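Please examine the sequence and the predicted model shown here.

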Amino acid sequence: MSSQKSTLDLINERQPRHALSRELYTNEDVFQEDLAQIWHKEWIFAGHTFEIEKAGEYITLQVGNYPVIVVRDDKGTVRAFHNACRHRGSRICKNSKGKNAKLVCPYHKWTFGLDGKLLFAGNMGQNFDTSTHGLNTVHCEVINSYIYICVADEAPDFAPFREAVRTFTTPHNLDDCKVAFGSNLVEKGNWKLVFENNRECYHCDANHPELLNSFVENLSVAGVGGEEDPELTEHWNKCEAAGLPSRLVMDEAGQFRMTRIPLSAKAVSYTMSGKPAVNGRLDNSGVEDIGALLYFLYPSTWNHFLGDHALSFRILPLSSGETLVTTKWLVPKEAKEGVDYDIDDLTKVWLATNDQDRELVEETFRGVQSPAYIPGPFSEIAENGVCQFVDWYCDTMKKRLS
């Protein structure tokens, strides 16, 4: 990036309904601004409450420059802390998940309670005040098993998202679920390319044969707002009559969206056959084909809820050219592997789709690094979703950098 051009300059140069420039995907200064202005200020999906059901169980994640611990305390409350000892900064929990009665720093054995209070610090003298050296807290909220965190000193108002999403997710009984399978995939591409790829299915015909056994993109909601089509309206009416909110809901800024769409004819789940992958239901609607509830919250998550299982997706930026994509397949807690579901049948479609998407993102990242790359226009038919994401990114960065 030219020393004369700031991130804001580059964003202001973007043509309407066009992709971003090379520097906005590849430049390290831009990446640091992305972290500072978006990842370090927004609510980020961390994981699910049923992953930390017992006191002392924890998960860790890296949000930009911030390592974070999410733990269940002795009273059953889910809490989040900065994963940096208040002594000399060592990470306290180095594993991605685990269980400890207390949080003990491996460097000098400073010991913290599950509520973050410092309980023990050896060789610090009689005048040392443990009460002023507890772990620094991270904002933490929970909606229907979904844990969201924010590392900012002051977090954005969570209430609008909470009210919008829980209406859709509550009927799916997520608090009574478990993770049947999880995968972590490092995609060698910028985080924005990962989300852009998710926000359109223009590429699906050529790249996702497994997914297209069941999934059909509905262009009237892909760009977050458009003309309803009769099939979609009929599907919404059917599901809402059975107690499943379905009609499109989005916030004014376009940061989150919830809607339900039908699957392809005779398909009720994301399987090669289109048949259910799991015996039993996540919902109590009594409707066999509820399609797929889709919701996203920028910048970190998109999700799919079906009648028999759900999938949560989380992305975390590792560098300007690497993004961690975590996928979890959620099934009813009482479902038994090998009896109520087969792991291969449950996961085959999205394991294949994720790997295909990884290759698409990586090839795009290789291409946009070329000095010859010039951003092209988005399709007015098939790329309104990706345009909406890029618009949200540009609008957010302009507001915070101006």
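A residue is called buried when its relative accessible area is under 20%. By this criterion, 4 of the 5 residues of strand 4 (residues 78–82) are buried, so the strand is largely enclosed by the rest of the structure. Its partner is strand 3 (residues 66–72): the two run antiparallel and are joined by 5 bridges. Within this pairing, valine 71 stands opposite arginine 79 of strand 4. Together, strand 3 and strand 4 form a hairpin, with 5 residues between them. In the turn, glycine 76 has a positive phi of about 90°.

Attention now passes to helix 4. In this helix, which comprises residues 159–169, the buried residues are Phe161, Ala164, Val165, Phe168 and Thr169. Viewed down the helix axis, these buried residues fall within an arc of 120°, and therefore they line one face of helix 4. The elements that cover them include strand 9 (139–143), strand 10 (146–150), strand 13 (256–261) and strand 14 (292–297).

The last element to consider is helix 10 (residues 384–401). Its 18 residues, at 1.5 Å a residue, should span 26 Å; the C-alpha atoms at its ends lie 25 Å apart, which agrees with that expectation. Among the buried residues of helix 10 are Gly385, Phe389, Trp392, Tyr393 and Met397. What do the buried residues of helix 10 pack against? Their partners include helix 1 (7–13), helix 2 (22–26), helix 3 (28–39) and helix 5 (191–198). Strand 14 is also one of these partners, and it is likewise among the elements that cover the buried residues of helix 4.

Methods: Residues numbered from 1 in each chain as written. Predicted model: local features only at pLDDT ≥ 70, side-chain atom pairs only at ≥ 80, totals over all residues. Heavy atoms only, no water. Buried < 20%, exposed > 50% of the residue type's maximum accessible area, 1.4 Å probe, protein only. Arc of directions from axis to C-beta. Contact = heavy atoms within 4.5 Å. Expected span 1.5 Å × (residues − 1). Pairing = 2+ DSSP bridges.
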